[in-house]
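User: I would like to learn how to read the strands and helices of a fold. Could you take me through one?

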Amino acid sequence: MKYLYLDFIVSPYSDDACDVLSAMLSGIGFDSFEMSETGIKAYIQQDLFNEDDLKETLAGIFLPGVSFSYTIHSLENKDWNAEWEQNSFDPILEREFGIKLNPRMAFGSGSHATTYQITSLLLQQDFTGQRVLDMGTGTGVLAIAMAKREASEVAAIDIDPFSVENAQENAALNNINNVHVQLGDASAIDGLFDTIVANIHKNILMADISTYVQHLVAQGTLYISGFFTEDVPDMEKTAKENGLNVFRTYSKDNWAVMQLVKK
């Protein structure tokens, strides 16, 4: 398949800004990433690339004082996902938790602190008999983690068709048969859930949290991640405005996870 790669310059450079950029790009079809001295190289299938979507995504990243620029390059016809998997993928989730992944993107593979942290947290919980939702499922790892902890019904939703396919593949790879993956955004959520997990960028979480609450049972739990520890006060304020109590907050490498409970 034909691929493009975009060479992003992040100014001023920081690992945190590159992490946010990677997370946002994964939501519009970019499926693998490579660090560079000045930013990141991001890879996408040519037929999935839409520069208007890219510009809108970059405009939605609110990091004061940080700017992004890019150049677009064509690549030879080659399986670049396989190349990334072979040379860059660290199967940390399989090594530590027994979750196998055939990853198609860096964000969601477990190599990122936020994914590792929330996966570890979910595997310590008991979801026996629960109906649960993984919103923005990506590789499907959080849905798989909840299924492994005995959730009776697992819904998973993502806006990217590529992620939907990958999540389905990974559920099968782990012999999980009760994860149901569908294409869509928060408007696709149907029914009530005992637990909802959303490992997405801060701006999306703040925009959609009211929808998540509408689909939580009373005393249901919402786990949110994908934002920095300095964003926790903003997320706490938004949570309380939407009828959620903050039960616990966790952090790893400046990335936060919040466990919220519906009043």
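This is a predicted model: local features need pLDDT of at least 70, side-chain atom pairs count only at pLDDT 80 or more; totals for chains, interfaces and linings use all residues.

**Reading the sheets and their helices**

Analyst: Happy to. Strand β1 (residues 3-11) runs antiparallel to β4, and the two are joined by 8 bridges.

User: Which strands form the open sheet with antiparallel pairing, and in what order?

Analyst: There are 4 strands, in the order β2-β3-β1-β4. The edges are held by β2 (32-35) and β4 (67-74); each has a single partner strand, so one side of each is left without a neighbour in the sheet. On average, neighbouring strands here are turned by 25 degrees against each other, ignoring direction.

User: Which strands of this sheet does α1 touch?

Analyst: Helix α1 packs on the sheet and touches β1, β2, β3 (39-45) and β4. The direction of α1 makes about 10 degrees with that of β3.

User: What should I check about the helix itself, such as how far α1 reaches?

Analyst: Start with the general idea: an α-helix has 3.6 residues a turn, so residues three or four places apart point the same way. Then look at the case here. Helix α1 (residues 15-26) has 12 residues and spans 16 Å from first C-alpha to last, close to the 16 Å expected at 1.5 Å a residue.

User: How many residues of α1 are buried?

Analyst: The count is 9 of the 12, so α1 is largely enclosed by the rest of the structure. Among the buried residues are Ala-17, Val-20, Leu-21 and Met-24.

User: Where does Thr-57 lie, and why is Thr-57 called buried?

Analyst: Thr-57 sits in helix α2 (residues 51-59). Its relative accessible area is 11%, and buried means under 20%, so Thr-57 counts as buried. If you set aside its neighbours within four places in sequence, Thr-57 is in contact with Met-24 and Ile-28. Met-24 is one of the buried residues of α1.

User: Now for the sheet with mixed pairing. What is its strand order?

Analyst: This open sheet has 7 strands, ordered β7-β6-β5-β8-β9-β11-β10. Its edge strands are β7 (179-183) and β10 (244-252), and each pairs on one side only. Neighbouring strands are turned by 15 degrees against each other on average, direction ignored.

User: What can I read from β5 and its pairing with β6?

Analyst: Strand β5 (residues 131-135) is mostly covered, with 4 of its 5 residues buried. It pairs with strand β6 (residues 153-158) in the parallel sense over 5 bridges, and Val-132 has Val-154 as its bridge partner in β6. To get from β5 to β6, the chain passes through helix α6 (residues 141-148), and this β-α-β crossover is right-handed. Helix α6 lies across β5, β6, β7 and β8, running at about 160 degrees to β5.

User: And how many bridges join β5 to β8?

Analyst: There are 4, and β5 runs parallel to strand β8 (residues 193-199). Across this pairing, Val-132 stands opposite Thr-195 and Leu-133 stands opposite Ile-196. In β8, 6 of the 7 residues are buried, so the strand is largely enclosed by the rest of the structure.

User: Where does the chain go from β8?

Analyst: First look at the pairing: β8 and strand β9 (residues 216-228) run parallel and are joined by 6 bridges, with Leu-222 in β9 as the bridge partner of Ile-196. The chain crosses from β8 to β9 through α8, in another β-α-β crossover that is right-handed.

User: Last one: how do I describe two packed helices, for instance α8 and α9?

Analyst: Two packed helices are described by the angle between their axes and the distance between the axes. Helix α8 (residues 202-214) and helix α9 (residues 232-241) pack at about 10 degrees, with axes 10 Å apart. That makes α8 roughly parallel to α9. At their contact, Lys-202, Leu-205, Met-206 and Ile-209 of α8 meet Asp-234, Met-235, Thr-238 and Ala-239 of α9.

Key:
Residues are numbered from 1 along each chain as its sequence is written. Side-chain values use heavy atoms; hydrogens and water are left out. The expected span of a helix is 1.5 Å times one less than its number of residues. Buried means under 20% relative accessible area, exposed over 50%, partly exposed in between (1.4 Å probe, protein chains only). Two strands pair if DSSP finds at least two bridges between them. A crossover is right-handed if, with the strands pointing away from the viewer, the path from the first strand over the helix to the second runs clockwise. Axes are lines fitted to C-alpha atoms, for helices over the stretch in contact, and angles run from 0 to 180 degrees between N-to-C directions. Angles under 35 degrees count as roughly parallel, over 145 as roughly antiparallel, 65 to 115 as roughly perpendicular and the rest as oblique. Contact means heavy atoms within 4.5 Å.
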